[in-house]
Amino acid sequence: LRSIYSAPMDERPESSVRRNRWAAFGPGLLFAGAAIGVSHLVQSTRGGAEFGMAAALVVVASCLVKWPAFRFGPLYASATGNSLLDGYRRRGRWTLVIFGLVTLAVCFTTLAAVTVVTAGLLLNLLPGLKDWIASLGLPGGGTLDVTWVSGGLLAVVAIGLLTGGYRLLERVMKLVMPVLALCTLVSAGLAVSSIDPAGWTAIPPIDDSSSRSLLAAIIGWMPAPIDIAIWSSLWTLAKVRTARRRNSVRSVLLDFDTGYVSTMVLAVGFVVLGAAVMYGSDLEFSNQATEFGRQVVDLYAAQLGEWTRPIIAIAAFLAMLSTTVTVADGFPRATAALVASFFGPTRPTRQSRSGGVVPRAMREAMDRSMTPRPETEGSSNEETARRSEGGLLVYWIAFFGIASGAMLILVKVVPADF
């Protein structure tokens, strides 16, 4: 083993090189899991239904324009050893206050929304689950079955994160994302031949206000809200801490770029499904979570064949499950890092950065924002990453607080609207 791992990369066994490359993946897949959710399953599909294949151009353009902004998160974390929140702190605590207010405004509703959609898709995937919940005699009867499933999903996520932490989160994404990609691409490949020739247009029609609103929603939410760049920087630091070694900037960016391209390709896949199944029709998605899940699977199965129902059901559920898991982790992780950055000292930064990957102008901007402290340069990668990520106590307080707020929303809203 010593001779293998001390040898240059090109002299190592090919299987060893492949394992090392796969082991370096993680934060990029988590980004993909957070991005592939409502924006893909709903907005991309609606875009295909409304605009045909013209929506694919909008999706790709939106992803390409935002790529540098999202990419900067893992790039900054890998090059400096700090999160983006530490970088914000160097510009002044007021930037952290703004981020905290924005997070507070969206965390409860976002987690509630992605969880209830996931619960609806799970109930559609496992029809007997609803009857089993009803047999338990839980409060609310049949009107709160989606809420109880949502609570169960969050409980499972909490147990997983509590026992496995980031390592389990990464392993789940390495299992879920390939299966999701395979199911989605197979479904999209089967659907291409069913697309109406009129749907193959380059420019989406925006003659009415509803079309313009949908177009704005696709552009705004594709592939994900911009604050996920902060989560991505924190996942990069968590990778350093759990692996107890720092990957090169090049490997970190390869991981992210792979995840980002995956989100873009899968978004186009959902556009294809929407264009094949719903384009030119008057069909609209239901607001009820269970009905929405059934409607998505039924529409696709009706057009592509009944044998595709399990593939579509699994793809839709995994798309939302990946989002629920990463969102449930991302908000508390960002909150813990926010508290650490706001109340803690300015973080020291690494002296060495890769000049071959980081553009010169970006390196100079980083240098101007950094204040290295020589007396702490000997700190280990693991210790530096942990300080930047924040404390576990704050993380779990935030997790249960946000989860409780999301459940309160579901208890109040689900009986009437879902």
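Here's a quick briefing on the fold, the core and a few helix contacts of this protein chain. Keep in mind that the model is predicted. The chain has 17 helices and zero strands, and buried residues account for 52% of its 418 residues.

**Overall make-up**
- Among contacts with a separation of 6 or more, 86% link residues 24 or more positions apart.
- The accessible surface of the chain is about 18700 Å², and carbon and sulfur atoms hold 64% of that surface.

**The nonpolar core**
- The largest nonpolar core takes in 106 residues, and the members that touch the most others are Phe70, Leu111 and Leu180.
- Helix 14 (residues 309–343) supplies the largest share of this core, with 17 residues.
- Leu111 is worth a look: setting aside residues up to four places away in sequence, Leu111 touches Leu154, Thr324, Val327, Ala328, Ile402, Ala403 and Ala406.

**Helix 7 against helix 9**
- Helix 7 (residues 93–125) and helix 9 (residues 145–191) have axes that come within 8 Å and cross at roughly 105°.
- Since angles of 65 to 115 degrees count as roughly perpendicular, that is how helix 7 sits relative to helix 9.
- On the helix 7 side, the meeting residues are Leu111, Thr115, Val116, Thr118, Ala119, Leu122 and Leu123.
- On the helix 9 side, they are Val146, Val149, Ser150, Leu153 and Leu154.

- Beyond residues up to four places away in sequence, Arg333 touches Tyr166, Leu234, Trp235, Ala238, Arg241, Glu389 and Tyr395.
- Ala336 lies in helix 14 too, and at a relative accessible area of 3% Ala336 is buried.
- Leaving out neighbours within four places in sequence, Ala336 is in contact with Glu389, Gly390, Gly391, Val394 and Tyr395.
- Glu389 and Tyr395 turn up as contacts of Arg333 and of Ala336.
- Ala336 and Ser388 are 52 residues apart in sequence, with their C-alpha atoms 9.1 Å apart in space.

Terms used
Residues numbered from 1 in each chain as written. Predicted model: local features only at pLDDT ≥ 70, side-chain atom pairs only at ≥ 80, totals over all residues. Heavy atoms only, no water. Core = buried A, V, L, I, M, F, W, Y, C linked by side-chain atoms within 4.5 Å. Buried < 20%, exposed > 50% of the residue type's maximum accessible area, 1.4 Å probe, protein only. Helix = DSSP H or I, 4+ residues; strand = E, 2+ residues; numbered from the N terminus. Contact = heavy atoms within 4.5 Å. Areas by Shrake-Rupley, 256 points an atom, 1.4 Å probe, with all protein chains shown as cover. Axes fitted to C-alpha atoms, helices over the stretch in contact; angles between N-to-C directions. Parallel < 35°, antiparallel > 145°, perpendicular 65-115°, else oblique.
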